[in-house]
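Trainee: Could we go through this model together, taking one ligand at a time?

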Amino acid sequence: MSKPIGIGLAGFGTVGAGVYKNLQRNGALLEQRIGRTFEVKKIAVRDLSKARDVQAPASLFTSNPDEILGDPSIQIVVELMGGIDLPLAFVKKAIAAGKIVVTGNKALLAEHGNEIFELAREKRVPVLYEAAVAGGIPIIKSVREAFVGNRFEAIHGILNGTSNYILSRMTGEGLDFAPVLAEAQKLGYAEADPALDINGWDAAHKAIILASLAYGFWIDPKDVLVEGIEKVTAADIRFAEELGYRIKLIASIKADESGAIEVRVVPTLIPKSHVLASVNGVFNAVAVKGDVVGEALFYGRGAGQDPTSSSVLGDLAEAAAFLESPRQSVGFTAHSLYGRSKPIDDTISKYYLRLGVEDRPGVLAQIAGTLAKADIGILSVIQPEGLVDGSVPLILTLHDAPFGPMKKTAQELASLPCVKGTPLLLHMETFQ
Ligand code: NAP
Ligand code: HSE
């Protein structure tokens, strides 16, 4: 019988403690399936005196993550601390020391994937990150392995559990934003800094990882259009509903005919009949369109202790297989088939535009005229009766237009004397 594989857990919060708990629960099952056992040798935390829901022997704990790196009995380090600077230094030192890295840290990979995988390739050390994207859904392994024979035409996803939980409860139960966010935090879904969930950047980090993996080069975060759900009001959810749409924070990843890659994560109106419109609560979903497989859909819990630990356990099994029989692949393979992002202002979409306007004749004509001047066609108009804060809402849906001119035109409309307040411009995706 071979010796257990030594694991160092850096982080024992929602996910780290879940990994420990589920290794205890299913360690024997893993042994049956992969023929190896795992033993957690050290656990690094920030605060040694903190009371913990999951219990582990006190002798395993340290407040110095470097102790994990210095322990020769540890072959796999699991980075679940969150943040960027410390994990970056920690992961680079782990790779340099030849220890396999498993991480759930999407911010780290989205910002520093290039340098991490360059080092991983040089040292031939795997860096595995299933838990970083879409919680318990095995989308990384699918894109990296199962779909390796496909060109990816498009990937659309709901990639943040917290914001989807908030939008679903606002839509379904008419609840307010703040108390629902507090609930998501209590359930262990939100990031340590929940602003990342709300402002779209957590989902954007995941979209950057997915897009980079699918197209073989690290997407620069500056090339990604990111907007948060904070600007979506209960009234917009109602107007969208009336138009036959639902508002979701959608990650949209596409390659155009020239091979330029477009990545955006924005609150988006999608048809109520589309499968992503029915993905509610903490659930995530990813719809992949490959040139060989066609359409494939993945659905599951996108955040929380157990689903995320499930992905980490999968990576541990892959790490064990690597230790048994080292392979070339280290978790990310760069290639030169694509290599270029599309400028955000050139990306094309349909739009939802909400304006507050004066209730008098000629206003609609003025607005239609401004849009026509910019060559932007109107798809539909609704103007519910009744004044809100001295103006009436005017909701327009607009034909395909490049984002740059659309944004400029929305600003022009905002400066018209008949337009009150700040217009809200959202993307619409019809998946055609
Ligand atoms: P968390 O609950 O805040 O836990 C963070 C853990 O790291 C805590 O145990 C903390 O110690 C420890 N830690 C933080 N700074 C440290 C330092 N300087 N030195 C030593 N230990 C340190 O976070 P989490 O929700 O588990 O998330 C961990 C990572 O997984 C993040 O990158 C997150 O984005 C990612 N992730 C989370 C989820 C989820 O559903 N929560 C899902 C997928 C991916 P203390 O316990 O002493 O505070
Ligand atoms: N805060 C993240 C979410 C955790 O809500 O999706 C999972 O990555």
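**The two ligands and their surroundings**

Mentor: In this predicted model, an N or O atom in the side chain of asparagine 160 is 3.4 Å from an oxygen atom of ligand 2.

Trainee: How far from an oxygen atom of ligand 2 is an N or O atom in the side chain of lysine 206?

Mentor: Lysine 206 belongs to the residues that surround ligand 2, a group that also includes Lys106, Tyr189 and Asp197. For lysine 206, the distance from an N or O atom of the side chain to an oxygen atom of the ligand is 2.7 Å.

Trainee: What percentage of the accessible area of ligand 2 does the protein cover?

Mentor: On its own, ligand 2 has 250 Å² of accessible area.

Trainee: Which elements give two or more residues to the shell around ligand 2?

Mentor: By class, this shell has five charged, four polar and three nonpolar residues. The elements that contribute two or more of its residues are α6 (161–173) and α9 (201–215).

Trainee: Turning to ligand 1, which residue has a backbone N or O atom 3.2 Å from a nitrogen atom of this ligand?

Mentor: Ligand 1 has 25 residues around it, the closest being Asp47, Lys50, Arg52, Glu191 and Gly304. A backbone N or O atom of aspartate 47 lies 2.7 Å from an oxygen atom of the ligand, and a polar backbone atom of glycine 304 is likewise 2.7 Å from an oxygen atom of ligand 1. The residue with the 3.2 Å distance to a nitrogen atom is glycine 188.

How values were computed. Residues numbered from 1 in each chain as written. Chains lettered and ligands numbered in written order. Predicted model: local features only at pLDDT ≥ 70, side-chain atom pairs only at ≥ 80, totals over all residues. Heavy atoms only, no water. Near = heavy atom within 4 Å. Polar contact = N/O pair within 3.5 Å; in protein donor to acceptor, adjacent residues only side chain to side chain. Areas by Shrake-Rupley, 256 points an atom, 1.4 Å probe, with all protein chains shown as cover. Helix = DSSP H or I, 4+ residues; strand = E, 2+ residues; numbered from the N terminus. Nonpolar A, V, L, I, M, F, W, Y, C, P; charged D, E, K, R; others polar.
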